[in-house]
Amino acid sequence: MPFGIGIWEILILLLVVLLVFGPKRLPEMGRSLGKGMREFKDSISGIEKDEEEPQRELPPAEQPTATQTTAAPAPPRERDSVS
């Protein structure tokens with residue numbers, strides 16, 4: 001083992017971490033640690049997320065139509081005169 005740490009020391013450390021943070025908080029910490037490590041690795045290697053997964057186009061049946069998402073246009077405003 002590196003740094004002279006044995007299996008018993010690792011088990012004791014894991015038990016202390018479990019007691020301090022609790023079983024509900026550990027999965028959240030693991031996810032955030034993994035996400036941070038992934039982002040660090042990607043920044044070091046220069047890989048962009050957009051390059052890995054190209055955007056796929058939605059089929060015409062799944063694309064939103066303009067009439068569903070747009071609101072009525074605002075009436076034109078009168079110009080203010082400057083004196």
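## A pair in helix α2

Glutamate 28 and arginine 25 sit three residues apart in helix α2 (residues 25-45), so about one helical turn separates them. Helices here are DSSP runs of H or I with at least four residues, strands are runs of E with at least two, and both are numbered from the N terminus. The model is predicted: local features need pLDDT of at least 70, side-chain atom pairs count only at pLDDT 80 or more, and totals for chains, interfaces and linings use all residues. Residues are numbered from 1 along each chain as its sequence is written, and side-chain values use heavy atoms, with hydrogens and water left out.

## The salt bridge

How many salt bridges does the structure hold? It holds one. Glutamate 28 pairs with arginine 25, and their closest N and O atoms are 3.1 Å apart. A salt bridge needs a side-chain nitrogen of Lys or Arg within 4 Å of a carboxyl oxygen of Asp or Glu. Side chains of opposite charge can pair when their charged atoms come close.

The two side chains are also joined by a polar contact of 3.1 Å. Such a contact is a pair of N or O atoms within 3.5 Å; within protein, one must be able to donate a hydrogen and the other to accept it, and residues adjacent in sequence count only if both atoms are side-chain atoms. The scale runs from buried (under 20% relative accessible area) through partly exposed to exposed (over 50%), with a 1.4 Å probe and protein chains only.

Helix α2 has 21 residues, which should span 30 Å at 1.5 Å a residue. Its end C-alpha atoms lie 31 Å apart, in agreement. An expected span is 1.5 Å times one less than the number of residues.

Serine 45 belongs to α2. Its relative accessibility is 45%, so serine 45 counts as partly exposed. Its side chain reaches the backbone oxygen of aspartate 42 at 3.4 Å. Just after α2 comes glycine 46, with a positive phi of about 80 degrees.

Helix α1 covers residues 7-21, and leucine 11 lies in it. The helix has 15 residues and reaches 21 Å from first to last C-alpha, close to the 21 Å expected. Glycine 22 follows α1 and has a positive phi near 85 degrees.

Which residues make the nonpolar surface patch? They are Ile7, Trp8, Leu11 and Leu14, and the patch has about 490 Å². Patch residues have over 30% relative accessible area and no salt bridge; like charges are joined within 9 Å, nonpolar side chains (Val, Leu, Ile, Met, Phe, Trp, Tyr) within 5 Å. Leucine 11 is partly exposed, at 45%.

## The whole chain

The protein chain has four helices and zero strands. From the N terminus on, its elements run α-α-α-α. Of its 83 residues, 1% count as buried.

The accessible surface comes to about 8,700 Å², and 62% of it belongs to carbon and sulfur atoms. Areas come from the Shrake-Rupley method with a 1.4 Å probe; for residues, only the protein chains shown count as cover.
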